[in-house]
Amino acid sequence: MVADATGLEFGDPSRGEEVFAQCRSCHQIGQGATDRIGPHLNGIFGRRAGAHDGFRYSDDMAMMGSDGLTWELETLNAYLENPKALVSRTRMNFAGLKDPQDRSDILAYLRQFSASPQNIPEAAPTAQAREVELSPEVLAIVGDTDYGEYLASECKTCHQQDGSDQGIPSIIQWPTEDFVVAMHAYKRQIRPHPVMQMMASRLSDEEIAALAAYFAQLE
């Protein structure tokens with residue numbers, strides 16, 4: 001195995017090819033690879049999220065790329081573990097690879113199709129691959145919509161209450177769990193947006209739940 005400075009390791013690329021079989025219905029890789037439901041994955045290491053020419057990404061994925069998300073060992077590991085924790089409205093309909101060995105092996109396989117694979121362990125990540133699994137107690141908190149409305153004044157300075165998208169994604173009618181997971185990803189600095197990291201760091205679990213409940217019920 002090859003480890004990078006963060007302690008994450010590349011596993012067995014041969015086994016990674018086997019794990020990748022569950023990705024092939026949407027993604028191609030290797031000689032002659034083309035975009036399908038998802039973009040091809042040649043050269044994925046070092047690529048800015050949402051920036052592969054010719055592929056139409058979700059607004060959230062494009063926004064994350066604009067905010068600085070780049071696919072390196074740590075960020076790919078975090079995304080493969082729980083895609084919606086990193087990019088809440090990603091179009092990738094995949095629950096994630098929960099087994100760390102599966103992720104290590106598939107990343108070793110993907111690494112072979114990058115221009116300079118020997119340099120990848122030294123690449124600087126743009127996000128920290130920490131656990132973002134939330135306890136059942138946190139997910140079970142029922143938010144107070146009135147309190148959420150009170151807290152939402154700062155959110156509304158950027159996010160439009162009418163649901164329009166003016167370069168900043170709408171958060172109207174987000175599923176509450178997606179909202180909560182996304183905010184905790186900012187709070188733990190997995191999502192790289194510095195303003196959102198600062199905002200989320202100020203919020204308690206109850207306040208995040210209140211905001212989630214408020215925005216979920218807006219029409």
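Q: What does buried mean for a residue here?
A: A residue counts as buried when its relative accessible area is under 20%; over 50% is exposed, and anything in between is partly exposed. Keep in mind that this is a predicted model.

Q: What makes E207 buried or exposed?
A: The relative accessible area of E207 is 17%. The cut-off for buried is under 20%, so E207 counts as buried.

Q: Where does E207 sit, and which residues does E207 touch?
A: E207 is part of helix α10. Leaving out residues up to four places away in sequence, E207 touches Y147, L151 and R202.

Q: Why is G65 called buried?
A: Its relative accessibility is 2%, and the limit is under 20%, so G65 goes down as buried too. G65 belongs to helix α2. Setting aside neighbours within four places in sequence, G65 is in contact with R48 and A49. G65 and R47 are 18 residues apart along the chain, and their C-alpha atoms are separated by 9.3 Å.

Q: Why is Q173 called partly exposed?
A: Q173 comes in at 48% relative accessibility. Buried needs under 20% and exposed needs over 50%, so Q173 lands in the partly exposed class.

Q: Which residues of α8 and α10 meet?
A: On the α8 side they are T176, F179, V180, M183, H184 and K187. Their partners in α10 are D205, I208, A209, L211, A212, A213, F215 and A216.

Q: Which residues touch the most other members of the largest nonpolar core?
A: That core has 55 residues, and W71, L107, L110 and F215 touch the most other members. Helices that each supply at least two residues of the core include α2 (59–66), α5 (100–111), α8 (176–187) and α10 (205–217). The top contributor is α8, with seven residues.

Q: How do you know that this core lies between domain 1 and domain 2?
A: Domain 1 (13–112) and domain 2 (136–216) both give residues to the core, so the core lies between them.

Q: What does L107 touch?
A: Not counting residues up to four places away in sequence, L107 touches F10, F45, L73, L76, N77 and L80.

Q: How many helices and strands does the protein chain have, and in what order?
A: There are ten helices and two strands. Reading from the N terminus, the order is β-β-α-α-α-α-α-α-α-α-α-α.

Q: How much of the protein chain is buried?
A: Buried residues make up 47% of the 219 residues. On the contact side, take pairs at least 6 apart in sequence: 63% of those contacts join residues at least 24 apart.

Key. Residues numbered from 1 in each chain as written. Predicted model: local features only at pLDDT ≥ 70, side-chain atom pairs only at ≥ 80, totals over all residues. Heavy atoms only, no water. Core = buried A, V, L, I, M, F, W, Y, C linked by side-chain atoms within 4.5 Å. Buried < 20%, exposed > 50% of the residue type's maximum accessible area, 1.4 Å probe, protein only. Helix = DSSP H or I, 4+ residues; strand = E, 2+ residues; numbered from the N terminus. Domains from an automatic or database assignment. Contact = heavy atoms within 4.5 Å.
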